Amino acid sequence: YGGHSSRMLACLQGKGHLCALDVDPIEMAKTKERLAAQGYGPEILTILHQNFANIDQVAAEYGPFDFILADLGVSSMQIDNPERGFSYKYDGPLDLRLNPEAGISAAERLRTVARDELEGMLIENADEPYAKEISQAVTRALRKGKKIDTTFALRDLIAEALDFLPKDEKKEAIKKSCARTFQALRIDVNNEYEVLEAFMEKLPDALTPGGRAAILTFHSGEDRLVKKSMKGLYQIGIYSEYSKEVIRPSKEECIRNSRASSTKMRWAIKAE
């Protein structure tokens, strides 16, 4: 929605320049309009349809940068649009691509995945405790010729896989497993770990000496990767400081915005 961008643009007070990257062409176009309506034009803002894994290319043309913020979360607009397939709460095509013009959808991915590969994906990308049961249910259904092309089709299969659970805990367990399964698939179809690794590796070279970076993560796999990179680069002197403890939103912020509750922030400062 351009929330971070508008706050940073306000801080610039008409000086400097902000480069904003988004891999999603649908939401990017809308955000460009919103920010233009707030008075932020090309003299202070450049919006690029670009994956942040290519931060080196962006920095070569527009940088290096004094500050880089990476928000790894899926936006509310993506989650709340049934056509994008990001949520099990709305019926729609099982897509889950951040850029619907590239790669394959989650439905296509499921058609080719082996049972043990899907189980590993659910564990690695979402720490899913019922990965074995869900992967068995999905691959069994596909073998029988069942189509898993919609969000509700996958949601119903997960419910079926967890039918063995006690009645009093089943509803909550299904809800959590649905959220984790959709997360695991989204990470896979968008190559999110590979993209993040590429970004973290290139990040120091995109910063000016003394430049700062802040990364917002939304699940443990992302946070582990960010922490490991920052610590490793600090130990070899590339960063002069980094956040040894994660920063979380306050209780008040979580009340105002429930989707902020899983956010973790880490920061680093490039050595001068």
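In this predicted model, helix α10 (residues 192-206) packs with helix α11 (residues 220-235) at an angle of about 20 degrees, and their axes are 10 Å apart. Angles under 35 degrees count as roughly parallel, so α10 is roughly parallel to α11. The crossing of α10 and α11 is right-handed. On the α10 side, Glu 192, Tyr 193, Leu 196, Glu 197, Met 200 and Pro 204 take part, and they meet Gly 221, Glu 222, Leu 225, Val 226, Ser 229, Met 230 and Leu 233 of α11. Sorted by class, this contact of α10 with α11 holds eight nonpolar, two polar and three charged residues.

Let us stay with Pro 204 for a moment. Pro 204 lies in helix α10 and is buried, with a relative accessible area of 6%. Beyond its neighbours within four places in sequence, Pro 204 touches Leu 233, Ile 238, Tyr 239 and Lys 270. Lys 270 is 66 residues away from Pro 204 in sequence, yet the two C-alpha atoms are 6.5 Å apart in space.

Next comes helix α9 (residues 167-189), which has 23 residues. From first C-alpha to last, α9 reaches 33 Å, close to the 33 Å expected at 1.5 Å a residue. Just after α9, Asn 191 adopts a positive phi of about 50 degrees.

Helix α8 (residues 151-161) packs with α9 at an angle of about 130 degrees, with the axes 10 Å apart. The roughly perpendicular range is 65 to 115 degrees and roughly antiparallel means over 145, and α8 and α9 are therefore oblique to each other. Their crossing is right-handed. Here Thr 151, Leu 154, Arg 155, Ile 158 and Ala 159 of α8 meet Ile 174, Ser 177, Cys 178, Thr 181, Phe 182 and Leu 185 of α9. The contact of α8 with α9 divides into seven nonpolar residues, three polar and one charged.

| Helix pair | Packing angle | Axis separation |
|---|---|---|
| α10 and α11 | about 20 degrees | 10 Å |
| α8 and α9 | about 130 degrees | 10 Å |

One more residue deserves a visit: Asn 125, found in helix α6 (residues 115-126). Is Asn 125 buried or exposed? Asn 125 has a relative accessible area of 7%, so it is buried. Setting aside neighbours within four places in sequence, Asn 125 is in contact with Gln 183, Ala 184, Ile 187, Asp 188, Tyr 193 and His 219. Tyr 193, one of these partners, also belongs to the α10 side of the contact with α11.

Key: Residues numbered from 1 in each chain as written. Predicted model: local features only at pLDDT ≥ 70, side-chain atom pairs only at ≥ 80, totals over all residues. Heavy atoms only, no water. Axes fitted to C-alpha atoms, helices over the stretch in contact; angles between N-to-C directions. Helix = DSSP H or I, 4+ residues; strand = E, 2+ residues; numbered from the N terminus. Left-handed = near helix turned anticlockwise from the far one by under 90°. Contact = heavy atoms within 4.5 Å. Nonpolar A, V, L, I, M, F, W, Y, C, P; charged D, E, K, R; others polar. Buried < 20%, exposed > 50% of the residue type's maximum accessible area, 1.4 Å probe, protein only. Expected span 1.5 Å × (residues − 1).
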